[in-house]
Amino acid sequence: MSTISKTILVTGGAGFIGSHVVRLFVNNYPDYKIVNGDALTYAGNLENLKDIQDKPNYVFERVDITDEAAVEQLFNKYKFDAVIHLAAESHVDRSITDPLSFVKTNVLGTVVLLNTCRNHWKGNYDGKLFYHVSTDEVYGTLGETGFFTEQTPYDPHSPYSASKAASDHFVMAYHDTYGLPVVMSNCSNNYGSHHFPEKLIPLMINNIKNSKPLPVYGKGENVRDWLYVEDHARAIDTIFHKGKLGASYNVGGFNEWKNIDLVHLLCSIMDKKLGRSSGESAKLITYVTDRPGHDLRYAIDATKLNTELGWSPSLQFEEGLEKTVDWYLANEEWVKHVTSGDYQHYYEEMYKGR
Ligand code: NAD
Ligand code: DAU
């Protein structure tokens with residue numbers, strides 16, 4: 001049995017990216033104790049972590065990061081050396097219908113964590129770290145050309161990205177004002193296993209499988225830069241261990257796709273896997289009313305992370321997408337659980353009359 005060298009709180013560890021981060025840290029660092037602190041909202045699912053739930057260096061604690069007293073109690077119990085903060089409301093469409101819950105979790109929740117770290121670490125910051133996981137959406141939108149770098153000014157357009165931008169500013173303000181040891185990363189769109197089917201790729205996979213309409217917003221011309229989620233988890237590992245205090249790092253896949261081209265690619269992969277004739281699934285494509293304030297294009301320049309810390313993406317997109325489709329087809333029970341009940345209601349409300 002190894003002794004524990006660090007105790008790390010991973011917030012949002014039961015979500016999509018969080019569960020991949022928890023798995024990577026639990027498996028790669030047996031001398032770290034990983035405490036997954038998650039409120040288990042609709043997006044949090046302990047089934048995501050079934051394979052590591054019995055490991056001796058893993059603990060789950062149900063906690064709402066906006067609840068100061070509960071967060072204080074958790075810090076008293078575990079005396080954390082570091083926090084990797086992923087808990088958030090993460091879906092842009094939901095932020096358009098309910099902005100306040102995004103302010104609450106993403107802004108207030110982040111500040112509660114920052115305050116608690118500051119109070120507990122009391123200026124003795126040796127070996128301590130607050131790692132804030134953020135998004136490229138804080139930079140706003142690009143036109144046909146150019147890339148987001150770490151110097152791109154913030155220009156968020158959705159309530160989601162505005163709340164993430166505010167949280168980023170608070171993180172950096174705690175560094176500048178109180179000297180809190182922080183590091184931050186801003187990542188592009190992730191894809192992979194355990195992705196909740198409100199987001200483009202898993203929603204399309206699920207609808208193709210069930211021969212339901214494939215709702216493409218606007219003309220499908222919007223561009224996203226897709227990164228395999230396990231590559232993001234590796235980037236977080238790298239930045240956690242080697243990142244410069246007070247720095248931010250862009251993380252991206254160098255992998256831009258127009259939504260409509262991506263949906264066609266998924267349709268053709270799934271035609272083959274489901275034994276359908278070529279072009280059959282693409283007939284399900286339905287253009288629907290655009291998302292308000294829809295950012296045209298995201299593209300990350302991840303040169304800094306590559307040259308300073310040596311990270312680069314490992315998977316080609318087609319390969320990652322095939323693996324993702326295979327995972328969804330092999331995990332029908334997982335899909336069934338997350339798409340029953342509330343999901344049906346969400347889907348009807350979000351897509352009716354669109
Ligand atoms: P997700 O929605 O899948 O998971 C969010 C997790 O946070 C869930 O487990 C949920 O239960 C938990 N949570 C929500 N509110 C909470 C609260 N008040 N207290 C404690 N836990 C709470 O999100 P995701 O896609 O895995 O994103 C994780 C983080 O990465 C977010 O901060 C997001 O902004 C950021 N990010 C996501 C992407 C992406 O493509 N998904 C890209 C870049 C950055
Ligand atoms: O860029 C990083 C961000 O990527 C993260 O910060 C967010 O948490 C994450 O949700 C994601 O945001 P997007 O809005 O880019 O992802 P989403 O999967 O919702 O949509 C991807 C694109 O697909 C976007 O242009 C909108 C479009 N879309 C989405 C859905 C759900 C459709 O055309 N139809 C749909 O039904």
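This is a predicted model: local features need pLDDT of at least 70, side-chain atom pairs count only at pLDDT 80 or more; totals for chains, interfaces and linings use all residues.

Me: OK, ligand 1. How many residues surround ligand 1, and which are the closest?

Reply: There are 28 residues around ligand 1. The closest are Ile17, Asp38, Ser90, Tyr160 and Lys164.

Me: Which parts of the fold supply residues to the shell around ligand 1?

Reply: Four elements each give at least two residues: helix H1 (16–28), strand S5 (129–135), helix H5 (159–178) and strand S7 (189–191). S5 gives the most to the shell around ligand 1, with three residues.

Me: Where do polar backbone atoms come up against ligand 1?

Reply: One spot is Phe16, where a polar backbone atom is 3.1 Å from an oxygen atom of ligand 1. At Ala39, a polar backbone atom is 3.1 Å from a nitrogen atom of ligand 1. Ile65 also has a polar backbone atom 3.0 Å from a nitrogen atom of ligand 1.

Me: And how much of ligand 1 does the protein bury?

Reply: The protein buries 96% of it. Taken alone, ligand 1 exposes 840 Å².

Me: Switching to ligand 2. Which residues come nearest?

Reply: Asp136, Tyr160, Arg291, His294 and Tyr351 come nearest to ligand 2, out of 23 residues around it.

Me: What about the backbone of Tyr217?

Reply: A backbone N or O atom of Tyr217 lies 2.8 Å from an oxygen atom of ligand 2. As for cover, ligand 2 has 690 Å² of accessible area on its own, and the protein covers 94% of that.

Me: Which strand gives the largest share of the shell around ligand 2?

Reply: Strand S8 (residues 214–217) does, with three residues.

Me: And the classes in the shell around ligand 2? How many residues are charged?

Reply: Six are charged. The shell around ligand 2 also has nine nonpolar and eight polar residues.

Me: New topic: helices. How do H1 and helix H7 cross?

Reply: H1 and helix H7 (residues 229–242) cross at roughly 60 degrees, and their axes come within 9 Å. H1 and H7 are therefore oblique to each other. The crossing of H1 past H7 is right-handed. H1 is also one of the elements in the shell around ligand 1.

Me: What about helix H6 and H8?

Reply: The axes of helix H6 (residues 200–209) and H8 come within 10 Å, crossing at roughly 40 degrees. H6 and H8 are therefore oblique to each other too. Is that crossing left-handed or right-handed? H6 passes H8 in a right-handed crossing.

Me: And how far apart are the axes of H8 and helix H10?

Reply: They are 11 Å apart. Helix H8 (residues 259–274) and helix H10 (residues 317–330) pack at an angle of about 55 degrees. That makes H8 oblique to H10. H8 passes H10 in a right-handed crossing.

Note on methods: Residues are numbered from 1 along each chain as its sequence is written. Chains are lettered from A and ligands numbered from 1 in the order in which they are written. Side-chain values use heavy atoms; hydrogens and water are left out. A residue is near a molecule or strand if one of its heavy atoms lies within 4 Å of it. A polar contact is a pair of N or O atoms within 3.5 Å; within protein, one must be able to donate a hydrogen and the other to accept it, and residues adjacent in sequence count only if both atoms are side-chain atoms. Accessible areas come from the Shrake-Rupley method with a 1.4 Å probe; for residues, only the protein chains shown count as cover. Axes are lines fitted to C-alpha atoms, for helices over the stretch in contact, and angles run from 0 to 180 degrees between N-to-C directions. Angles under 35 degrees count as roughly parallel, over 145 as roughly antiparallel, 65 to 115 as roughly perpendicular and the rest as oblique. A crossing is left-handed if the near helix is turned anticlockwise from the far one by less than a right angle, and right-handed if clockwise. Ala, Val, Leu, Ile, Met, Phe, Trp, Tyr, Cys and Pro count as nonpolar, Asp, Glu, Lys and Arg as charged, and the others, Gly among them, as polar.
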